[in-house]
Amino acid sequence: LEEAEERGTMTDHGGKMVKEVIQPSASRLVEGLRDTGYEFNTALADIIDNSIAANANKVHVTIDMDYSGDVIVSVADNGCGMNREDLVDAMRYGSRRRDDPASLGKFGMGLKTASTAFCRRLSVVSRGPDSSEAVKATWDLDHIAECDSWELLIEPPSEEQVACLDEVAGEGPGTLVLWEKVDRIFKTDYKYPGGGAAQNAFKKLRENFVDHTAMVYQRFLDHTDGRAPNVDLFVNGVAIQPWDPFTAIGADAEVVAEERMEAETPDGKKAPFEVRAVVMPRTAELT
């Protein structure tokens, strides 16, 4: 039995049952997980969710493309950050369950699958509250394909990467997520990757993300909204302004009914919530 356990197999004394630990092919699985159906907006929002879960109140997103068509995406925050052990676990497919049940992350997969849906190299640079030095971990899909092994690359971050982190977090804790080798940003292959058509499509992609973010994170961005902690979110250095889909900020919509209710969960706890009915004005009447 001891020898079988060392080989990853186990049999009972009668030899009737065998349990064998099977390691999935790293190269096949990591490529398959790229096709989990992420859209660009929701994938990048998944990274921002991690920043909010880390209690960040400042998040800087950069979405850039140079004239050769190379794209780089980064998300930097001043959240609680991670030490080396925590960073390695965060990069694990199926990382540990978070202590906070209200956390936006649930299954420990979002950071990896959301990122590699669009890039072949995911790097995370982080500095924990008790660390003076930042640590960097990288999943490189080309490296995994070559070695067919779950080899996470650990290396010191570059000066440029540390400077990007410091710009948001100062010298305190924080995290920087980098998407490199971005190969799935467009649904169309352009004849000239960095040409005018590609640049226009990229500009529209970025503008759509800004609109998406302004709505999805409205309660975080609106400092008068007490339902969520305040977060300042920037895209390419420009602060995102909150957009309330019910236009309550501009008082254009009419609240016709509002009631606070309470439901009982299966374990006997009370869960309060609010129901609000809003009548939207005609488009021509909106400010």
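Reader: Which side chain meets that of Asp 225 in a salt bridge?
Author: The partner of Asp 225 is Arg 227, at 2.7 Å from N to O. A salt bridge here is a side-chain nitrogen of Lys or Arg within 4 Å of a carboxyl oxygen of Asp or Glu. Please note that this is a predicted model, in which local features need pLDDT of at least 70 and side-chain atom pairs count only at pLDDT 80 or more, while totals for chains, interfaces and linings use all residues. Residues are numbered from 1 along each chain as its sequence is written, and side-chain values use heavy atoms, with hydrogens and water left out.

Reader: How many salt bridges does the rule give?
Author: The count comes to 19 salt bridges. One of them joins Asp 35 to Arg 184, with the closest N and O atoms 2.9 Å apart.

Reader: Where do Asp 35 and Arg 184 lie?
Author: Asp 35 is in the loop between α2 (26-32) and α3 (40-53), and Arg 184 is in the loop between β8 and α8, so the pair ties together parts that are 149 residues apart in sequence. Helices (H or I, at least four residues) and strands (E, at least two) are DSSP runs, numbered from the N terminus. Asp 35 is exposed, with a relative accessible area of 56%, and Arg 184 is partly exposed, at 30%.

Reader: Which residues are linked in a network of salt bridges?
Author: The network links Glu 31, Arg 120, Arg 121, Lys 136, Asp 140, Asp 142, Glu 155, Glu 180 and Lys 181.

Reader: And which residue meets Arg 276?
Author: Arg 276 meets Glu 258 in a salt bridge of 3.1 Å, N to O. That pair links distant parts of the chain, with Arg 276 in strand β12 (residues 270-279) and Glu 258 in strand β11 (residues 254-264), 18 residues apart. Arg 276 counts as partly exposed, at 44% relative accessibility.

Reader: Turning to the sheet, what is the strand order?
Author: The sheet is open and has 8 strands in the order β7-β6-β5-β8-β4-β3-β9-β10, with mixed pairing. The edge strands, each pairing on one side only, are β7 (153-155) and β10 (238-239). Two strands pair if DSSP finds at least two bridges between them.

Reader: How many bridges join β5 and β8?
Author: There are 8, in the antiparallel sense, between β5 and strand β8 (residues 174-182). Val 125 stands opposite Leu 176 in β8, and Ser 126 has Thr 175 as its bridge partner there. With strand β6 (residues 135-140), β5 pairs antiparallel over 6 bridges; in β6, Thr 138 is the bridge partner of Ser 123.

Reader: Why is β5 described as largely enclosed?
Author: In strand β5 (residues 119-127), 9 of the 9 residues are buried, so the rest of the structure largely encloses it. For β8 the count is 7 of the 9 residues, so that strand is likewise largely enclosed. On β4, Ser 74 stands opposite Leu 178 in β8, and β4 and β8 pair antiparallel over 5 bridges.

Reader: What about β9 and β10?
Author: Strand β9 (residues 232-235) runs antiparallel to β10 and is joined to it by 2 bridges. Val 238 in β10 is the bridge partner of Val 235.

Reader: How many residues of α3 are buried?
Author: Of its 14 residues, 11 are buried, and the helix is mostly covered. Among them are Phe 40, Leu 44, Ile 47, Ile 48 and Ile 52. After α3 comes Asn 55, with a positive phi near 65°.

Key:
Buried means under 20% relative accessible area, exposed over 50%, partly exposed in between (1.4 Å probe, protein chains only).
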